[in-house]
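Here are some exercises to work through with the structure open beside you. Try each task before you read its solution.

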Amino acid sequence: MTPDQTPGALAPKESRLVPRLLIGAALALTAVFIVVPMIYIFHRALAEGWRLYAANILQPDTLHAVWLTAVVAVIVVPVNIAFGIAAAWLIARFSFPGRKALLVLIEIPFSISPIIAGICYLLLYGRQGLLGPWLIAHDIKILFALPGIVLVTMFVTSPFVMREVLPLMQAQGSEQEQAALTLGASGWQVFRRVTLPNIRWALLYGAVLCGARAIGEFGGVTVVSGNIRGQTNTLPLQIELLFHDLNVTGAFAAASTLTLIALVVLVLKVRLEGTRG
Amino acid sequence: MTTLPLPAWGVRPKRVLPGFGLTMGVTLAFLGIVVLLPTVALVLKGAEIGPARFWAIATAPRTFAALKLTLLAATMATIFNALYGLLMAWVLVRYDFPGRRLLDALVDIPFALPTAVAGLTLSALFSANGWYGAVLEPMGLPVVFTIWGVAIAMSFTSIPFVIRTVQPVLEDLDPQYEQAARTLGAGPFTCFVRVVLPAILPALVVGTTLSLARCLGEFGAIVFIAGNLPMKTEIASLLAVIRLEEYDYNGAAVIALVLLLIALALLAVSGLLQALATRHRGRAP
């Protein structure tokens with residue numbers, strides 16, 4: 001990104017009217033569609049004062065939803081990091097038949113509706129699903145419980161880390177790693193001392209995106225969680241529940257916490273891009 | 001995995017690096033358990049239903065109406081996003097003004113914000129006593145519980161796609177070509193259509209397809225604002241969820257498969273257009 005684009009260099013005789021109009025239109029549309037909604041969230045969350053805001057957040061069901069959401073993210077993100085590094089290493093460093101197909105397969109969850117993912121899981125693990133009878137016989141509960149929520153969140157977030165790490169690995173090439181190997185380092189040492197430091201910012205950014213998405217996932221979790229109040233409700237589902245209970249202020253209070261997380265993610269993104277660029 | 005590299009020989013340079021077996025194993029195991037196995041369950045369900053019943057379910061009035069609404073609203077949202085995205089990418093790359101970096105950062109909000117939060121906020125903003133609804137409804141332009149609400153929710157959640165795919169290409173495009181075109185007497189509009197647009201077209205196509213795919217699959221933001229009236233403002237993925245709640249697994253599976261096929265077709269079309277555009281550009285001087 002080069003911030004020093006000189007606007008005047010385009011066409012010296014051009015009037016300043018067109019750029020001003022375009023910038024004005026871009027600012028106005030962004031204000032209407034992005035900025036005002038963000039302000040509105042906090043306006044509504046705090047509409048009835050801080051006391052009610054705190055009470056809404058500290059309500060047991062909402063607190064449990066926060067807890068469950070955090071647990072899901074804490075499980076999903078490390079697994080996704082491991083998968084992302086492995087897949088990026090595989091695709092960037094080796095050539096093998098089916099490499100392109102594998103890349104397409106890894107990216108597919110981004111193009112598929114989370115609802116479809118949820119339905120797939122239901123048809124696999126549900127009572128009438130492929131593995132349903134076996135699961136019932138062995139008394140294993142996947143759907144309408146934590147494992148189902150975690151699995152469907154993994155499906156939805158699976159490409160995040162790989163997508164950030166792969167372009168960097170490809171751009172950096174493998175000369176440093178090969179040099180380290182020639183000098184007698186073991187594979188694990190090469191990974192820890194050479195690869196990991198090289199990809200750390202991309203990895204961190206991918207993990208942040210994955211975490212944000214895991215915390216906010218709604219569609220897929222709606223299908224597999226069973227929406228059991230105070231048990232399998234993640235924070236986004238709790239928002240819908242409060243909304244249907246006509247407790248709109250409560251819903252906005254819960255939403256404001258997720259909005260704060262989203263804003264932190266954005267700040268991190270800007271900072272990380274600064275570090276990388 | 002018998003192809004683990006033997007260090008001493010180094011038969012093929014590509015395999016000198018370690019970890020082929022390990023990373024292949026981890027990748028395939030993860031994809032198999034998390035992505036493939038569940039997808040196979042859906043496809044098998046589709047096969048079990050059979051083509052005749054599949055067709056009957058997919059074209060039943062309520063399903064058909066839901067699919068039609070989803071496609072129509074997604075198209076509306078994507079057209080808006082393509083235009084808004086072009087404008088934003090152009091403004092962010094070509095002009096310098098106070099607040100440009102902030103504007104650049106704001107663009108990512110729709111991706112960072114959970115869709116349920118977006119849906120809650122938009123539905124409240126556009127409802128009769130919200131900031132926007134209070135202005136629009138007296139003018140006879142209701143948004144909540146209409147297709148416009150569906151389209152707005154879809155649009156919001158996929159705003160960044162076009163911007164973020166067009167922006168880097170526009171950054172790489174040398175303004176000299178435009179300058180040359182202008183010197184040769186082309187007006188600003190001709191210059192944009194004949195010089196800039198062909199260069200950014202592949203990126204625009206990719207961004208638009210991604211945006212359309214996302215709109216078709218969007219759920220969280222829409223269920224809050226649409227009112228979900230059967231035959232009117234009920235989107236396809238919501239109908240699938242309703243079928244599940246009715247224990248009509250066949251109905252849910254059919255809708256899911258139709259949406260999956262549309263998504264895969266979009267991916268294929270996008271890949272094809274991209275390949276065509278790159279080849280076309282490669283042939284040009």
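**Exercise 1: the largest cavity**

The largest cavity has a volume of about 60 Å³. This is a predicted model, where local features need pLDDT of at least 70, side-chain atom pairs count only at pLDDT 80 or more, and totals for chains, interfaces and linings use all residues. Residues are numbered from 1 along each chain as its sequence is written, chains are lettered from A and ligands numbered from 1 in the order in which they are written, and side-chain values use heavy atoms, leaving out hydrogens and water.

*Task.* Find out which helix gives the most to the lining of the largest cavity.

*Solution.* Start with the term: on a 1 Å grid over the protein atoms alone, a cavity is a set of points where a 1.4 Å probe fits but cannot get out, and lining residues have an atom within 4 Å of a point. Next, look at the lining, which includes Ser111(A), Ile116(A), Ala213(B) and Leu266(B). Helix H11 (188–217) and helix H14 (249–283) of chain B each supply at least two residues. H14(B) gives the most, with four residues. Finally, sort the lining by class: eight nonpolar, three polar and no charged residues.

**Exercise 2: a serine in a loop**

*Task.* Decide whether Ser158(B) is buried or exposed.

*Solution.* First find the spot: Ser158(B) sits in the loop between helix H8 (147–157) and helix H9 (160–172) of chain B. Its relative accessible area is 0%, so Ser158(B) is buried (buried means under 20%, exposed over 50%, partly exposed in between, with a 1.4 Å probe and protein chains only). Then check what Ser158(B) touches: Asn81(B), Phe111(B), Ser211(B), Arg214(B) and Cys215(B), not counting residues up to four places away in sequence. Contact here means heavy atoms within 4.5 Å.

**Exercise 3: a glycine in a helix**

*Task.* Work out which helix holds Gly187(A).

*Solution.* Gly187(A) lies in helix H10 (residues 187–216) of chain A. To finish, take Glu177(A), ten residues apart from Gly187(A) along the chain; their C-alpha atoms are separated by 9.1 Å.

**Exercise 4: the second largest pocket**

*Task.* Say how many residues line the second largest pocket.

*Solution.* A pocket is an open set of points with protein on both sides within 12 Å along at least five of seven lines. The second largest pocket is lined by 23 residues, and Tyr249(B) is one of those nearest its centre. By class, that lining has 13 nonpolar, six polar and four charged residues.

Key
Nonpolar A, V, L, I, M, F, W, Y, C, P; charged D, E, K, R; others polar. Points joined across faces, edges and corners; volume = space filled by probe spheres on them.
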